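This report describes the fold, the packing and selected side-chain arrangements of one protein chain. Please consult the sequence and the structure shown here while reading.

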Amino acid sequence: YRGDSMNADTKLEKLLSIVLKDAVAEKDKILDSLKQRKEQEYGARELEILQTAYQKIQKNKAQIEKDCNERVSKTVIEGKQKLFLVREEIVSDVFAAVRNKLESYTKTEEYRKYLHTQLDNALELLGEGRIEVKVTPNDYDLTVRLCSGRPEITVEKLPESAIGGLTAQNLDKHIMIEETFSSKLEEQKDYFLQESGLLIAE
């Protein structure tokens, strides 16, 4: 019986050894599996965090660019507005001085001769027909005298803001001539802005 007992113990030890070895192997397998799962979960979580961070960075970058563009645009607009105001002040002062000189000129004998010449030229260009001439209130009486004996011509007054010169229209042929100082002065504004370097790019 003793020999049988020893054989049984040996067999039992071998069995336990095999079982333990299998258990250890199974444990290692389970641990490896858990480790891989943890790594996958960690990797996925890390990727998610990185994607979220990237999206936030891109969003912030876009917002920063937008804010910068808005600030630049605002600065440019404000700068142009200031330039426009300064330009208008310069143009206003220059043309006010010119207007004053023209108004002084309209009080001279030389101007009255000029007006007479302009009236004759306009009437010749307009030809036959009903003619309407418009002049400043200051030139009205002179123009009426110059047109006396010409029943086809009527003389009217331009607005008080007009400086000098005249407009003449053939009512039958629908032809009009404008030779007022006000219109000539307005036409010179673009030329003045160009030549003076005061044009502002849009």
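Predicted model: local features only at pLDDT ≥ 70, side-chain atom pairs only at ≥ 80, totals over all residues.

His174 belongs to the loop between β3 and β4. Its phi is positive, at about 55 degrees, although His174 is not a glycine. As background, most residues other than glycine have a negative phi. His174 has a relative accessible area of 67% and is therefore classed as exposed, the cut-off being over 50%.

Leu171 is also placed in the loop between β3 and β4. With a relative accessible area of 28%, Leu171 is partly exposed. Apart from neighbours within four places in sequence, Leu171 is in contact with Arg130 and Glu132. Leu171 and Leu126 are 45 residues apart along the chain, and their C-alpha atoms are separated by 9.6 Å.

On strand β4 itself one finds Met176. Leaving aside neighbours within four places in sequence, Met176 is in contact with Thr167, Ala168 and Gln169. The C-alpha atoms of Met176 and Glu132 are separated by 9.3 Å, with the two residues 44 apart along the chain.

## The sheet as a whole

How many strands form the open sheet, and in what order? There are four, arranged β2-β1-β3-β4, and their pairing is mixed. Strands β2 and β4 are the edge strands, each pairing on one side only. From one strand to the next, the twist averages 15 degrees.

In general, strands of a sheet pair through backbone hydrogen bonds, either parallel or antiparallel. Val135 stands opposite Lys157 in β2. Lys157 also lies over the face of Tyr140, at 5.0 Å from the ring centre.

## Chain architecture

The chain contains four helices and four strands. Read from the N terminus, these elements follow the order α-α-β-α-β-β-β-α. Helix α2 lies across β1, β2, β3 and β4, and runs at about 15 degrees to β3.

Of the 202 residues of the chain, 19% count as buried. Among contacts between residues at least 6 apart in sequence, 60% join residues at least 24 apart.

## The nonpolar core

The largest nonpolar core has 19 residues. Which residues have the most contacts inside this core? They are Leu119, Ile131, Val133, Ile153, Leu166 and Ala168. The elements that give two or more residues to the core are α2, β1 (131-135), β2 (153-157), β3 (165-170) and α4. Helix α2 gives the most, with six residues.

Ile153 illustrates the packing around one of these residues. Not counting residues up to four places away in sequence, Ile153 touches Leu123, Ile131, Val133 and Cys147. Ala168, another residue with the most contacts inside the core, is among the residues that Met176 touches.

## Aromatic pairs

The structure holds five aromatic pairs. In one of them, Tyr114 and Phe181 have ring centres 5.6 Å apart and ring planes at 40 degrees. Why is this pair tilted? Planes under 30 degrees apart count as stacked and those over 60 as edge-to-face, so an angle of 40 degrees places the pair in the tilted class.

Technical notes
Residues numbered from 1 in each chain as written. Heavy atoms only, no water. Phe/Tyr/Trp six-rings, centres within 6.5 Å; stacked < 30°, edge-to-face > 60°. Lys NZ or Arg CZ within 6 Å of the ring centre and 35° of its normal. Core = buried A, V, L, I, M, F, W, Y, C linked by side-chain atoms within 4.5 Å. Buried < 20%, exposed > 50% of the residue type's maximum accessible area, 1.4 Å probe, protein only. Contact = heavy atoms within 4.5 Å. Pairing = 2+ DSSP bridges. Axes fitted to C-alpha atoms, helices over the stretch in contact; angles between N-to-C directions.
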